[in-house]
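This report is meant for a reader who is meeting the structure for the first time. Please look through the sequence and the model before reading on.

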Amino acid sequence: MATRNRRSRKVASQKPKPNLRLRRQLLVGVMTLAFVTLSAGVFYRQVVQTEFLRKEGESRYLRTAEIAARRGMITDRNGEPLAVSTPVETVSAQPRKLVERLDALPALAQALGMDAAQLREKVESNRERGFIYLKRRVSFGEADAVKAVVSGYKIEGVNFDTEYRRYYPGAEFFGQVIGFTDIEDRGQEGIELAYDAALKAEPGLHRVIRDGRNRVVEEIEQIRPPRPGRDLVLSLDRRLQFLAYRELKAAVVKHRAKGGSAVVLDVATGEVLAMVNQPGFNPNTDRTGSSERRRNRALTDVMEPGSTVKPLVVAAALEKGRISPRTPIATAPGFYKVARNTVKDVRNYGTLDVTGVITKSSNVGVVKIAQKIGYADLWGIYDQVGFGRTSGIGFPGESRGRLRNHSTWRPFEHATHAFGYGLSVTALQLAQSYGVLAADGIKRPVTLFKHDSSAPHSSRVPVRVLSEDTARKVRAMMETVVSEKGTAAKAAITGYRVAGKTGTAKKASSSGYSGRRYQSVFAGFVPAGRPRLVMVVMIDEPGGKSYYGGIVAAPVFQKVMEGALRLFNVPPDDPTPSMLLAHREPAQ
């Protein structure tokens, strides 16, 4: 037994002992490899990936943000604002965070002035997105209400940014001329559209630090300064525009008309001082409605000018030396056969001189005058004053009207062109043509910008269309229209000589000319001796018993021009003793 135990101890003592040295070497190797790997990783990240990691880190808190810039302001000729940009707040959100606080959406919707169900649907349908607009361009009062809700409910992911909102102090009085901008501040109509490139602002850029709630903590640097848009100074006069709009609207309402337009020009410069239309359009409240109300009818809509072109026919014949103001014209028996058709007067005027043809607005008389000159001569005067072509005013949607070349005319078309049928013009084109008579035969480019401003102007220069003698003779004839013997006694202004011409044209339809639908027109200038202002008034489809231009349109001219003469301090040219006293300079 003892021997067996000794043998067992001997066998046990012969078992191999663990290799501690190998273990130590293995452990050192593993630790060395780990150190080298860690060092390589540190080196790679600290040296090789330094720029990448820095950018990744900065992207968590450093942002590039826009600095809002102001769109250019539009003013009238006296610096009164017609379109301005005011700072407002825009509310945006991160739907991923907001969807976690659906309980707060009713209060948030109330502060935003939105329907709670619509806001919830908007958030939930965009829950995977990182950004949405909740409401753009809210007032600072609304923004404060939203901030109170965000703070009270401890909502995360709702942000606020400053933008600009377009506001139009002139409202409906200037709406169709100025136009409006969309939510992105891009011009959509009128001057805003035509000169969007000049008015448009360029936002700046800066780097900011934002906290975990995406709030700006600090501005680091400005990358690009904001560039505001260019300011534009229009030729329109705010006071005269208000006056013209008021009187035009009153006439449209009084005569139950479909609409109307009125244009006032400065004779010496070609500047448009007023341009109004009915129905009106307010760009502050109605930007999504029908374009029917938004269009500038004085430039986009055409009319057959009717008898208002008769002074131009007489001017063409005077230039050719075929007539004089006293040349007798036989108009009896009140109608006149041209080819297979008949030209008629309201009644038999007998024999009239050329001045009488203008005074009484005789169709027969003016046709006989037109027949004394060729087709090309009549077409030429219309072409030279601007019919059948755009005015060059630069307004979007301007119509060129219609003036067929004389080579296509037949005898009766030659006749109808003499009393304003067969061609069509805009209110502005008619005003520009009367500007030629008022400016002693010189045609000046029309413009919507004040001449002494830095705004864009037409590169065209004034051209002579008629001799000074012819223009003055025609003006003298047109003065008889605004008399008890003429068709526009209601256009007379106390203390001033007024010259003008009425027009009452039937409206054409697919079935011919309507006997119940008219366009009533009056065009004229004051003071007649040395004209300062030209005005055209058109009332579209007056619905009452009265529809003649001398009854419907002439009173608008009288009221607007009476006010305009005072506004521009134009002295009387036909004063009575009481008028002289009223216009005398006050004692110092």
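## An enclosed cavity

Among the elements around the largest cavity, α19 gives the most to the lining, with 3 residues. The model is a predicted one, and the count in it comes to 1 cavity of 30 Å³ or more, while the volume of the largest cavity is about 90 Å³.

In total, 13 residues line the largest cavity, and those lying nearest its centre are V267, G270, Q432, G435 and R444. Two or more residues of this lining come from each of β9 (259–266), α19 (427–438) and β15 (442–443). Sorted by class, the lining of the largest cavity holds 7 nonpolar residues, together with 3 polar and 3 charged ones.

## Helix α20

Helix α20 covers residues 468–479, which makes 12 residues, and from its first C-alpha to its last it reaches 17 Å, close to the 16 Å that is expected at 1.5 Å a residue. Within α20, the buried residues are T470, A471, V474, R475, M477, M478 and E479.

## Aromatic rings and charges

Across the whole structure, a search finds 12 aromatic pairs. Ring pairs also link F173, F174, F242 and Y245 into a cluster.

Charged ends sit over rings at two places described here: that of K147 lies over the ring of F160, 5.1 Å from the centre of that ring, and that of K368 lies over the ring of Y336, 4.9 Å from its centre.

Methods: Residues are numbered from 1 along each chain as its sequence is written. This is a predicted model: local features need pLDDT of at least 70, side-chain atom pairs count only at pLDDT 80 or more; totals for chains, interfaces and linings use all residues. Side-chain values use heavy atoms; hydrogens and water are left out. Helices (H or I, at least four residues) and strands (E, at least two) are DSSP runs, numbered from the N terminus. The expected span of a helix is 1.5 Å times one less than its number of residues. Buried means under 20% relative accessible area, exposed over 50%, partly exposed in between (1.4 Å probe, protein chains only). On a 1 Å grid over the protein atoms alone, a cavity is a set of points where a 1.4 Å probe fits but cannot get out, and a pocket is an open set with protein on both sides within 12 Å along at least five of seven lines; lining residues have an atom within 4 Å of a point. Grid points are joined across faces, edges and corners, and a volume is the space filled by probe spheres set on the points. Ala, Val, Leu, Ile, Met, Phe, Trp, Tyr, Cys and Pro count as nonpolar, Asp, Glu, Lys and Arg as charged, and the others, Gly among them, as polar. Rings of Phe, Tyr and Trp (its six-membered ring) pair if their centres lie within 6.5 Å; planes under 30 degrees apart count as stacked, over 60 as edge-to-face and the rest as tilted. A charge sits over a ring if NZ of Lys or CZ of Arg is within 6 Å of the ring centre and within 35 degrees of the ring normal.
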